[in-house]
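Thank you all for coming.

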Amino acid sequence: MSTITSWFSGRKTDKEKFAGADYTTTVEAYISGTGRAIQGATSHHLGQNFSRMFDVTYDHPTTGMPAHVYQNSWGFTTRSLGVLFMMHGDNKGLVLPPRVAPIQVIVIPCGITNKSSAEERELLISTAHQVTDMLKRDPAGFRVRCDDRTHVSPGWKFNHWEMKGVPIRLEIGPQEVVQRSVCLALRHNSEKLQVQVDELCCRLPALMDSIHASLLHKATQELSAHVMQVNTMEELCAALDAKSLGLAPFCGDSTCEESVRNESARNSVVEPGAPSMGAKSLCIPFACDFNPTLKCGKPTTGTKCFNQPHCTRLAVAYTLFGRSY
């Protein structure tokens, strides 16, 4: 999923890790519309904690004696698709990257009117099906469908498939039939392109890669622009008010983290009608590749925890805080 959405990955704090695990790693995404983070997937190293509890053993290859197994637990489910929808969607509906879209291209015949003859209608519909079949047979394996319904208008179909997030709408009208061309409308930016039918199979793969890269770049830029380096509780609250996340030097103590949650929840209105929500630790990032100017890892010697004056401990790691789903 890292090639479809923009994530930051890291290790959970002791307070946020899976109960009973030695440690938990996570990938988190940022939703620009609300300024919140959302967890996409996790992996828990359970060590021998649960195998000792339930006496799960194996025969050790060296000693031949029973030994407790080491276990892990991980989750990567349809929740990640929900993150994908939230990250890329807009007010028209879904915006799906071509690599995961069930339908990559929707073919829609256009331009049939009451004045169109039966022959013109048949030619237009048959041409639309010919283009659809050509794309289906191509070795690239395009996922394509032709919407030849006659009881709804082309405009209704446009809206229908935009809402479903189909990356490319392929329009064929009487003029395109004559010119042996098609009009491609891109879902993610509303651009339109005229392409000759003979060039279609060659042009589509590069076009889909371009759509993918554009969506990923936009998501990465939004993440980079909304992670702020903070050194005090006041700076974290300011970042939250700006619908951003805060990367702060943190001591890692669970009671301190609870204090951060309570302090950052005061007088905050995240969404109209929603209860106040404090910040939680999202993860201790492994790296900040999306923004190399940010400080990650272990703070310099003597750096204090940002939650002053409530905490007087030294910071042990730069930790990402934010409001989260």
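This is a predicted model: local features need pLDDT of at least 70, side-chain atom pairs count only at pLDDT 80 or more; totals for chains, interfaces and linings use all residues.

Let me start with Lys-157, which at 3% relative accessibility counts as buried, where buried means under 20% relative accessible area, exposed over 50% and partly exposed in between, with a 1.4 Å probe and protein chains only. Residues are numbered from 1 along each chain as its sequence is written, and side-chain values use heavy atoms, with hydrogens and water left out.

What does the side chain of Lys-157 meet in a salt bridge? The partner is Asp-147, at 4.0 Å from N to O, a salt bridge being a side-chain nitrogen of Lys or Arg within 4 Å of a carboxyl oxygen of Asp or Glu. Because Lys-157 lies in helix H4 and Asp-147 in the loop between E8 and H4, the pair ties together parts that are 10 residues apart in sequence; helices (H or I, at least four residues) and strands (E, at least two) are DSSP runs, numbered from the N terminus. Asp-147 also counts as buried, at 2% relative accessibility.

Staying with helix H4, residues 154–163, its buried residues are Lys-157, Phe-158, His-160, Trp-161 and Glu-162. Their cover includes strands E7 (105–109), E8 (144–146) and E9 (168–172), with contact meaning heavy atoms within 4.5 Å. Just after H4, Gly-165 takes a positive phi of about 80°.

Glu-162 brings us to a network of salt bridges in which it is linked with Arg-169, Glu-171 and Lys-192. Glu-171 counts as buried at 10% relative accessibility.

Elsewhere, the side chains of Glu-28 and Lys-12 meet in a salt bridge of 2.9 Å, N to O. Glu-28 is in strand E2 (residues 23–31) and Lys-12 in the loop between strand E1 (7–11) and E2, so the pair ties together parts 16 residues apart in sequence. By the rule I gave, the count comes to 14 salt bridges.
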